[in-house]
Amino acid sequence: MPFVHREHPELLRLQALLGGPRRCAIVTHYNPDGDAMGSSLGLAHILRAMGHTAQVVLPNAPPPFLRWMPGADGCIAADTAAERCRAAIAEADIVFCLDFNRPDRVGVLEEAVRAARQRVLIDHHQRPEIDAVAAFSDTASCATSQMVVDLVEALGQARLIGADAATCLYTGIMTDTGSFRFSSTTPHTLRVAALLMERGAVPDRIHAAVLDDHTEQRMRLMGFMLAERMTVLQDLGCVVLVLRAGDLQRFGFSAGDTEGFVNLGLSMRGIRLSAFFLERPDRIKISLRSKGTLPVDRLLADHFNGGGHVNAAGGHCEGPIDACVQRFMDLLPAHIQAHPA
Ligand code: 5GP
Ligand code: MN
């Protein structure tokens with residue numbers, strides 16, 4: 001089912017906001033993933049087709065496997081053009097906040113987003129804390145990109161979804177559902193995907209562009225991690241993957257290379273939680289994935305400055321990495337016992 005209907009009060013507010021040509025900025029989260037990029041670019045294409053202007057503003061640049069997306073070259077990113085990004089947000093009549101739930105998820109753009117004239121939230125993460133004139137939050141939606149399609153349909157503007165928007169939105173749904181396999185995938189998800197296909201999204205090309213374009217270094221780093229840096233806690237049903245700075249250097253790491261690594265742990269028999277620790281220059285990045293009713297967002301919210309969804313969450317902590325991993329390992333048995341399979 002679509003998450004929104006035609007008489008939804010927030011929808012009526014959004015409709016009024018978009019009553020005349022507006023200057024829109026669309027902001028998404030730090031380290032944008034396929035759904036962040038897909039929902040933002042997809043919405044930008046549709047807003048332009050409605051007669052508005054739309055600028056996608058990113059806290060930092062997307063990884064290489066998302067740079068082919070239609071409109072990606074028109075994004076501005078705060079890691080290279082912070083002042084331009086702040087100006088685009090300040091000048092906008094409406095700032096759309098897509099695929100994030102807390103102001104600190106946009107990094108150095110946090111103050112600019114807080115000071116924006118009007119915010120509209122479209123997001124599917126737990127416990128949204130964004131103050132908005134119209135807030136669309138649905139944790140049951142598999143992707144923010146799916147919510148954008150539902151909203152555009154409820155606004156009666158689905159005819160404006162062209163091939164570029166369809167390609168971006170399909171990419172967002174595909175990546176956030178693990179290629180339509182996570183339990184968040186519903187019959188409605190497949191209907192939305194079918195609509196997007198009818199509008200010009202080409203699944204085999206999108207899947208290949210996102211998933212079959214890895215570098216040799218990335219393949220070798222993945223093999224090394226599985227062989228040398230994986231701890232299997234069979235009794236707890238957990239896998240812990242750790243890549244240190246030296247490992248990354250050895251395999252010529254570049255941003256985005258470890259995307260999807262955390263999911264590898266979950267493909268092993270008997271495993272229902274996979275943890276991935278990545279040592280970056282400024283912080284240790286943590287990714288958790290789980291199966292079934294085992295939640296991971298709260299663990300990261302409570303202990304590692306993070307959050308996300310029940311089965312997929314991220315966070316970070318200060319180094320050193322071994323202390324960070326140890327702290328996590330110490331918390332793990334109680335957490336697993338509190339949520340038996
Ligand atoms: P990933 O592990 O792919 O970085 O993130 C998994 C999910 O958790 C994504 O939906 C992402 O938006 C969310 N997430 C990742 N890092 C953070 C974080 O530091 N804080 C919060 N609140 N959510 C995060
Ligand atoms: Mn998402």
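Residues are numbered from 1 along each chain as its sequence is written, and ligands are numbered from 1 in the order in which they are written. In this predicted model, local features need pLDDT of at least 70 and side-chain atom pairs count only at pLDDT 80 or more, while side-chain values use heavy atoms, without hydrogens and water.

**View 1. The site of the manganese ion (ligand 2).** Asp-35 (OD), Asp-99 (OD), His-124 (NE2) and Asp-176 (OD) coordinate the manganese ion at 2.2 to 2.3 Å, donors being N, O and S atoms within 2.8 Å of the metal (3.2 Å for Na, K and Ca). Asp-35 lies in helix H2 (residues 34–49) and Asp-176 in helix H6 (residues 163–176), 141 residues apart; helices are DSSP runs (H or I) of at least four residues, and strands (E) of at least two. Both Asp-35 and Asp-176 are buried, that is, under 20% relative accessible area with a 1.4 Å probe and protein chains only, whereas exposed means over 50%.

**View 2. The two faces of helix H1 (residues 9–17).** The buried residues of H1 are Glu-10, Leu-11, Leu-14 and Leu-17. Because these residues fall within an arc of 115° seen down the axis of H1, they line one face of the helix, the arc being that of the directions from the helix axis to the C-beta atoms. The face turned away from the buried side carries the exposed residues Pro-9 and Ala-16.

**View 3. The open sheet.** Six strands, paired in parallel, follow the order S3-S2-S1-S4-S5-S6, where two strands pair if DSSP finds at least two bridges between them. Strand S3 (76–77) and S6 stand at the edges, each with a single partner strand, so one side of each is left without a neighbour in the sheet.
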